[in-house]
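Take a look at the structure, then read on.

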Amino acid sequence: MRFILVFSLLITSLTVFAQFGIRAGYGSTSFKDWEGFAYRRIDVNKASFLNSGLNVGVDYWFRLKKRRIEFMPELGYTQFAASSVDGYNYSLSSFNAYFNVHAYVLDLAEDCNCPTFSKQGNTIKKGFFIHAAPFFRYYIQEAEGSQSLSGNSTGIGIRAGAGIDIGLSDFLTLTPMVAYEATGKSNWKDLATLDTNITDPDIKSSGSGLFGLMRLGFDSTPTRGDDN
């Protein structure tokens with residue numbers, strides 16, 4: 001329910017803009033230090049801890065005038081799959097802010113400020129791009145068992161990969177992407193208090209993983225043409 005509510009609010013917040021996109025993605029993230037704590041008494045080789053994640057987001061589009069480098073600041077939400085380990089149920093989610101940059105390296109000089117569907121050339125040339133995005137993440141952390149623990153932490157990271165725009169019409173563009181994400185160390189405050197044998201109560205972990213993403217872009221002004 002929380003996932004659906006957040007997604008609805010994100011969509012509503014940006015539909016007033018002429019050029020915006022809806023994003024969804026699914027992938028696997030490894031939080032090795034948090035996983036190591038949860039599986040400290042169990043065979044870690046068989047571990048699966050908060051790995052799979054489903055994310056949604058909305059973005060607003062703008063670009064350089066003379067080069068096909070496009071910017072899409074994004075607000076989003078990620079829900080990681082809950083894990084039950086050693087008598088505790090762990091859950092993790094996050095609110096995210098990305099600054100996506102798409103560079104169309106095969107068509108960089110094209111200055112037609114128009115949708116992909118209207119551009120000249122084959123699909124690969126006009127649609128292929130590499131992308132990168134620094135991001136900020138606000139985690140919501142919970143552990144439930146013989147003790148209950150909830151908290152929040154923040155993290156920063158980078159996402160990078162490649163994708164291709166498929167122009168469905170002057171109004172709609174479908175964009176499949178692959179991306180690798182790496183997040184710096186984030187603190188799970190007081191996590192180690194679940195084990196009285198550990199003196200340092202906080203556990204910090206970085207995160208990394210591979211995601212498949214899909215963007216549906218909307219453009220209500222398809223006849224902008226050349227800005228020269």
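In what order do the elements of the protein run from the N terminus on? They go α-β-α-β-β-β-β-β-α-β-β-β-β-β, which gives 3 helices and 11 strands. Helices here are DSSP runs of H or I with at least four residues, and strands are runs of E with at least two, numbered from the N terminus.

Before going further, some ground rules. This is a predicted model, where local features need pLDDT of at least 70 and side-chain atom pairs count only at pLDDT 80 or more, while totals for chains, interfaces and linings use all residues. Residues are numbered from 1 along each chain as its sequence is written, and side-chain values use heavy atoms, with hydrogens and water left out.

So how confident is the predictor? pLDDT is its confidence in each residue, from 0 to 100. The protein averages 86, and 82% of the residues score at least 70. Over residues 222-228, pLDDT stays under 50.

Two strands pair if DSSP finds at least two bridges between them.

| Strand pair | Bridges | Sense | Facing residues |
|---|---|---|---|
| β6 and β7 | 13 bridges | antiparallel | N96 opposite R137 in β7 |
| β7 and β8 | 17 bridges | antiparallel | P134 opposite I158 in β8 |

Strand β8 covers residues 148-164, and a hairpin through 3 residues links β7 to β8.

F95 sits in strand β6 (residues 88-103). Buried means under 20% relative accessible area, exposed means over 50%, and partly exposed is in between (1.4 Å probe, protein chains only). F95 counts as partly exposed because its relative accessibility is 35%.

G217, in strand β11 (residues 203-219), counts as buried because its relative accessibility is 7%. What does G217 touch, leaving aside its neighbours within four places in sequence? Its contacts (heavy atoms within 4.5 Å) are F20, G21, F171, L172 and T173. G217 and D59 are 158 residues apart in sequence but 8.9 Å apart in space, C-alpha to C-alpha.

Stepping back to the whole protein, 44% of its 228 residues count as buried. Among contacts between residues at least 6 apart in sequence, 71% join residues at least 24 apart.

Note on methods
pLDDT = per-residue confidence, 0-100.
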